[in-house]
Structure formats: C-alpha cells, structure tokens
Amino acid sequence: MSSVLYDTPGPRAKRRNLVYTIGFVAVLALVGWWVLAALNDKHQLDANKWSPFVTDSKVWTTYLLPGLVETLKAAALAILIALPLGAALGIGRLSDHRWVRVPVGAVVEFFRAIPVLLLMMFAAALYREFTTISSDFRPLYAVVTGLVLYNASVIAEVVRAGVLSLPRGQGDAAVALGMRKGQTMLYVLLPQAVTVMLPALVSQLVVIVKDTALGGALLGFEDLLSQNRQITANYGANTIATLVVIALIYIVLNGILTNLAGRVEKRLRQGKKSAAAAIPAQSAAPEIEAKTISGA
Amino acid sequence: MFDFLDSGQYDLLGAFWVTAKLALYSAIGSLIWGTALVSMRVSPVPLMRSFGTAYVNIVRNTPLTVVLVGCLLGLNQTLSITLGGERSEDIGFRLAVLGLVAYTGTFVCEALRSGINTVPAGQAEAARALGMSFTQVLTLVVLPQAFRAAVTPLANVLIALTKNTTVAAAIGAADAAFLMKEMIENEADALFAVFAVFAFGFIVLTLPTGLILGWAAKRLAVKR
C-alpha cells in the first residue's frame, strides 16, 4: 500500500532516508533518555521494584492471575449474553413490522449513544438499591450488565450491516422457493451474514476485554487492573513496574484477539476469490469496521 | 422527581461543560497526533514505519482506563508531573487530555489509513510523475483526499471519544461521569431520574455530531 506513495529509493533517496532515520533515532533516544532519567530519579528503575514479577511467584498466583480470571470471566459472560441478544435486536431492526422495527431501533440507538461507564454505574446502583445480590458479586454483575447493554446494541448493528450487505437476490430467491420470513433469515441470510460479520465480532471482543477495566478503576471490581493497588501496597510502591506488567498482559491478550480477527478476515477474503464474489464483503467491511472501533 | 436539579447543589452544566471541553481538546490533539502517526506509517523511512506500527498496535490494545490510571498514578503521583495544573481537578483534566490524545490518536491514524487506501494509486503515481517529493505527494494530493474519504470513520472516532471522556472520572477530572457517581450516592431515591438526565446529556452531545458529520461525509465525499 505504502509503496504507491514513493518509488524504490535510489542513491539520493537512500541517503536522505538515512538522515531521517538518524534524526528520528536521536529524537527517540532523547525522549527515552528523559523518561529513564525521570524514572531513575524516583527510584522506579531499582531492581527490587521489578524483580518480584520474575522471582516471586506469589505476585502472579495471589494477584495477577486471579485478576486476569475475573477480567476474562466478565468478558466471557458479557459476550455470551450479548451475542444472542444482539442478534435478536439486529434481526428485530430488520423486521417488516413497523411496531417491531421502530422500538428496537430506538433501544439500539439509545444504548449505543450512552457511555458504558454510565451504564455500569447505573447498574451498580440499581443492584444495590433493588436487589439482594451480595456486595461481593455486585461489581461483576454491574460490569457485565453495562457491557451487555452496550455491546448487544453494537452487535445488533453489525448483524444488520451484515445482512444488508448480502445481495438482494439471496432473499428474493428464498421467497421464490416459498420460504417463510423466519426460514429466509435463519437458513439463507444469517449463515451468509455470519461470515461477513465474523472479523467485526472478533474485534468487538477486544473492546469488551478493554472495557472490563472500567469496573476495576471505578466500581471496585477485582479485575486485572485493580490488582495494582494490592501489588503496590505489598511490594514497595512499584507503581510503574506494576502498571507496565498489567498493561503488557492486556496488550498480549488483545493482540492475540486482534491477530485472530485479522486472520479470519484474510481467510474470508481468500475464500472469496475462488467461490466467486457472492458477498460484497469489501463494501460492507468498512461500515462494520467503523462501528466496532468505539471503546468505552 | 427532578427536584435535585433545582437544589443548586450540583453543577450539572459545569460538569457537561468539562466533558465537552475534554472532548474538544482531545479531538484537536488526537487529530494532530493521528495525522503525524499515519504520516509515519506510510513514510519511506523504515524505522518511522515500524515505530508507527508498533505504537498503534501497543496503545490500541491497552484499555483506555489503564492509560489514564497510568497517567495519574505513574506520571502524576510517581513522577510528580502536573502539566502546569495547580488544583487536582486541573491536573486530572490535563492528564486526561494527554491520555485521551495518546489513545485516540491511534484510532484517528487507522481511520486516515483507511482513507489513504481509497485514494487511487494513479493519483500518487501522477503526482510523482510531476516530480513531487514524498512530502508533497502526501500533503498536497493524498492526505486531502484521504481526509474527505475518512469523514465517516473520523466521526465515529469523535463520538467514541466523547463517550470515552467519562473514563476521565477515574482520575478525578470533574466531568459528567464524576458528577453522576456523586449524585448516585447522594440521591439514591431518584436513581432513574439521575440516569435519565445524564443519558440525555450524552445523547445531546453525540447525536448532533453523528448527524452533522454524516451530512458532511456525503457533501465532501470525492466522487469517483
């Protein structure tokens, strides 16, 4: 892609690129040196702040891994509930009946417009006031509720875009075969739409994993992020080291998911070449992609 | 039901004003930073390309909450960086803008990159045939078209950013989410009313953005 913008460098361009590279390295080194000096100044680079993560397995077994399990639990619950709910909302929004289409559309647009954090805080207060869920589980419930409400409406839009991206002929042909509306959706449209939607759905997982951290910072949910308080309290104010380790775990986890989404998309695109261009995924993809980027 | 609004105890407009300011400053900052990042990602210098790619992949996969908490605990409390703010709300606000720009810049970069992909290769080739340098090709021919093609994804980034400003409550910026947390605690009996007020506020902030920019995307789209 990028090679369109410039020619294969000749001798002059190579020299110029070398100058840019050196300049860029100098800037990076300067920033890096400044950061390291600042860290060193506050004794954040001392070996004893970082060594627990390598030498002391208790940091992992007592804090980091249980936190990660909580994070994954919330994310898994949220996706398990949000997927069918989102599919139902997406199909509802495509309904032929106005009285189904309009309210479902309103619900989807409402929950998409509201920050997940507000939904979580509202859910937490709701559970505290009106239910008997014990305070140990309340943060998990609140986080999952917030995630489900928001992500179900995002998934609904993904499903809708996926179904709309199919050629009209598919639905018409199903009608010509005498299929009922439910059958058309279930046997003809949805199976095809799922392949178009798959990359978007996998990348939505990244959004869900990232958003669980909101509960850790603001709702007392004992997820991966919230472990930094415990660790820094027990291992000598190693804030930066702890946050770096926690961030790295998130980055690796989400990196795997992003990679997976990319691989699925690539496979679908390859499959398309052989199986004729039945589904115009290319035109639908940006639509779907754009809708999944939102974070909190 | 809504009598807590009249009590004068809560500065609702002030809180939403902070949210709007957070969104505006972060939007401007991340547009600049995102453009810089995308220029690096498509530049002919391999080192800049790999830096851009690495930065985007790392920051995009970090939760915004971790970025902002890192700004507060790491930059402020450990390294005593205040960004010139004096009161704790000011510091929280400035750190939040910094964190939001660092995070949202990656999404702006990706939106612009998809915009660059829509520019036909022939355009860049023609520009090169006219003897333009890489910088000229990028700034005079490719980026202007990329921006016009990327209005829709950029609008989505802006809407996401507006909603993401609520995370700044985690580091004590006195924004809408921060006030909502306080109000939920004090006005537990008016829970639904409190939620309705804040939900309405965010719909007012995000809906016009989507509509205006959706209209702009149609107007600005390069007809090919």
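Let's start in the loop between helix 1 and helix 2 (47-50) of chain A, where A:His43 sits. Helices here are DSSP runs of H or I with at least four residues, strands are E runs of at least two, and both are numbered from the N terminus. A:His43 is not a glycine, yet its phi is positive, about 60 degrees. Its relative accessible area is 47%, so we call A:His43 partly exposed. On the cut-offs: buried is under 20% relative accessible area, exposed is over 50%, partly exposed is in between, with a 1.4 Å probe and protein chains only.

Quick housekeeping. This is a predicted model, where local features need pLDDT of at least 70 and side-chain atom pairs count only at pLDDT 80 or more, while totals for chains, interfaces and linings use all residues. Residues are numbered from 1 along each chain as its sequence is written, chains are lettered from A and ligands numbered from 1 in the order in which they are written, and side-chain values use heavy atoms, with hydrogens and water left out.

B:Ser80 is not a glycine either, and its phi is positive at about 50 degrees. You'll find B:Ser80 in the loop between helix 3 (64-78) and helix 4 (88-118) of chain B. With 45% relative accessibility, B:Ser80 counts as partly exposed.

While we're on chain B, what does its fold consist of? Nine helices and zero strands, so to speak α-α-α-α-α-α-α-α-α from the N terminus on. The C-alpha trace spans about 70 × 45 × 25 Å along its principal axes. Of the 224 residues of chain B, 54% count as buried. Contact, by the way, means heavy atoms within 4.5 Å. Take the contacts in chain B between residues at least 6 apart in sequence: 76% of them join residues at least 24 apart. The accessible surface of chain B comes to about 9,700 Å², with 65% of that belonging to carbon and sulfur atoms. Those areas come from the Shrake-Rupley method with a 1.4 Å probe, and for residues only the protein chains shown count as cover.

One residue in helix 3 of chain B to click on is B:Thr65. Is B:Thr65 buried or exposed? Buried, with a relative accessible area of 2%. Not counting residues up to four places away in sequence, B:Thr65 touches A:Ala213, A:Leu214, A:Ala217, A:Leu225 and B:Val167.

Now charges. Chain B carries 15 positive and 13 negative side chains, and the centres of the two sets lie 24 Å apart. Lys and Arg count as positive and Asp and Glu as negative, with His and the chain ends not counted. Each charge is placed at NZ of Lys, CZ of Arg, CG of Asp or CD of Glu.

Side chains of opposite charge can pair when their charged atoms come close. Our rule for a salt bridge is a side-chain nitrogen of Lys or Arg within 4 Å of a carboxyl oxygen of Asp or Glu. That rule gives 13 salt bridges over all chains. One of them joins B:Glu110 and B:Arg60, at 3.9 Å from N to O. This pair links distant parts of the chain, with B:Glu110 in helix 4 and B:Arg60 in helix 2 (residues 46-60) of chain B, 50 residues apart. Another is B:Arg87 with B:Asp90, whose closest N and O atoms are 3.4 Å apart. B:Asp90 is partly exposed at 26% relative accessible area. Over in chain A, salt bridges that share partners join A:Arg93, A:Glu109, A:Arg112, A:Glu157 and A:Arg160 into one network.

Last stop, surface patches. These are made of residues with over 30% relative accessible area and no salt bridge; like charges are joined within 9 Å, and nonpolar side chains (Val, Leu, Ile, Met, Phe, Trp, Tyr) within 5 Å. Which residues gather in a patch of positive charge? B:Arg148, B:Arg219, B:Lys223 and B:Arg224. B:Lys223 is in the segment after helix 9 (191-220) of chain B, and at 69% relative accessibility B:Lys223 counts as exposed. On chain A, A:Val27, A:Val31, A:Trp33, A:Trp34 and A:Val35 make a nonpolar surface patch of about 560 Å². A:Trp33 belongs to helix 1 (residues 11-41) of chain A and is exposed, with 63% relative accessibility.
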